[in-house]
Amino acid sequence: SDELSRRELEVLQLLASGKSNKEIARLTSITEGTVKFHVTAVMGKLGAKSRTEAVAVAIRKGLISVSG
């Protein structure tokens, strides 16, 4: 399905806050490779061509929130 898993949403939220794959890996206790896998999955599910577009789509769909 195109629904994002809890982990994918977590990775996406951290992406939105400007974190690198390495920082996301450290914060979530998963490997950088796994982070990349999740980012790719998220981009596919959201039909995004980049990390930035994935974040923009997610915000537009109300999947994540960005506090200023």
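This is a predicted model: local features need pLDDT of at least 70, side-chain atom pairs count only at pLDDT 80 or more; totals for chains, interfaces and linings use all residues.
Asn21 sits in helix H2. Is Asn21 buried or exposed? Its relative accessibility is 13%. Buried means under 20%, so Asn21 counts as buried. Who are its neighbours? Leaving aside residues up to four places away in sequence, Asn21 touches Glu32, Val35, Lys36, Val39 and Arg51.

Now follow helix H2 along its length. The helix covers residues 21–28. Which of its residues are buried? They are Asn21, Ile24, Ala25 and Thr28. Look down the axis of H2, and these buried residues fall within an arc of 100°, so they line one face of the helix. The face turned away from that buried side carries Lys22 and Arg26, which are exposed. What covers the buried residues of H2? The cover includes helix H1 (6–16), helix H3 (32–46) and helix H4 (51–60).

Thr28 also belongs to helix H2. Its relative accessibility is 7%, so Thr28 counts as buried. Not counting residues up to four places away in sequence, Thr28 touches Arg7, Glu10 and Leu14.

Just after H2 comes Ser29. Where is it placed? Ser29 lies in the loop between H2 and H3. Its relative accessible area is 68%, so Ser29 is exposed. Its backbone deserves a look as well. Most residues other than glycine have a negative phi. Ser29 is not a glycine, yet its phi is positive, about 60°.

Step back to the whole chain. How many helices and strands does the protein have? Its secondary structure comes to four helices and zero strands. Read along the sequence, the pattern is α-α-α-α.

Take helix H1 next. Its buried residues are Glu8, Val11, Leu12, Leu14, Leu15 and Ala16. What covers them includes H2, H3 and H4. After H1 comes Gly18, with a positive phi near 90°.

Phe37 has its place in H3. Is Phe37 buried or exposed? Phe37 is exposed, with a relative accessible area of 58%. The cut-off for exposed is over 50%. Compare its position with that of Glu8. Phe37 and Glu8 are 29 residues apart in sequence. In space, their C-alpha atoms are 9.6 Å apart.

Helix H4 has a buried side too. Which of its residues are buried? In H4, Ala54, Val55, Val57 and Ala58 are buried. Around the axis they cover an arc of only 165°, which puts them on the same side of H4. On the other side, Thr52 and Arg60 are exposed. The buried residues of H4 pack against H1 and H3. Just after H4, Gly62 takes a positive phi of about 75°.

Finally, consider the protein as a whole. Its C-alpha atoms fill a box of roughly 30 × 25 × 20 Å, taken along the principal axes. Why can the protein be compared with a compact globule? With 68 residues, such a globule would have a radius of gyration near 11 Å, and the protein has 11 Å, which agrees. Buried residues make up 35% of the 68 residues.

Contacts tell a further part of the story. Consider contacts between residues at least 6 apart in sequence. Of these, 49% join residues at least 24 apart.

The surface and the charges remain. The protein exposes about 4300 Å². Carbon and sulfur atoms supply 52% of that area. How many positive and negative side chains are there? The protein has 11 positive and 7 negative side chains. The centres of the two sets lie 3 Å apart.

Terms used
Residues are numbered from 1 along each chain as its sequence is written. Side-chain values use heavy atoms; hydrogens and water are left out. Buried means under 20% relative accessible area, exposed over 50%, partly exposed in between (1.4 Å probe, protein chains only). Helices (H or I, at least four residues) and strands (E, at least two) are DSSP runs, numbered from the N terminus. The arc is that of the directions from the helix axis to the C-beta atoms. Contact means heavy atoms within 4.5 Å. The radius of gyration is taken over C-alpha atoms; the globule rule is 2.2 Å times the number of residues to the power 0.38. Accessible areas come from the Shrake-Rupley method with a 1.4 Å probe; for residues, only the protein chains shown count as cover. Lys and Arg count as positive and Asp and Glu as negative; His and the chain ends are not counted. The place of a charge is taken as NZ of Lys, CZ of Arg, CG of Asp or CD of Glu.
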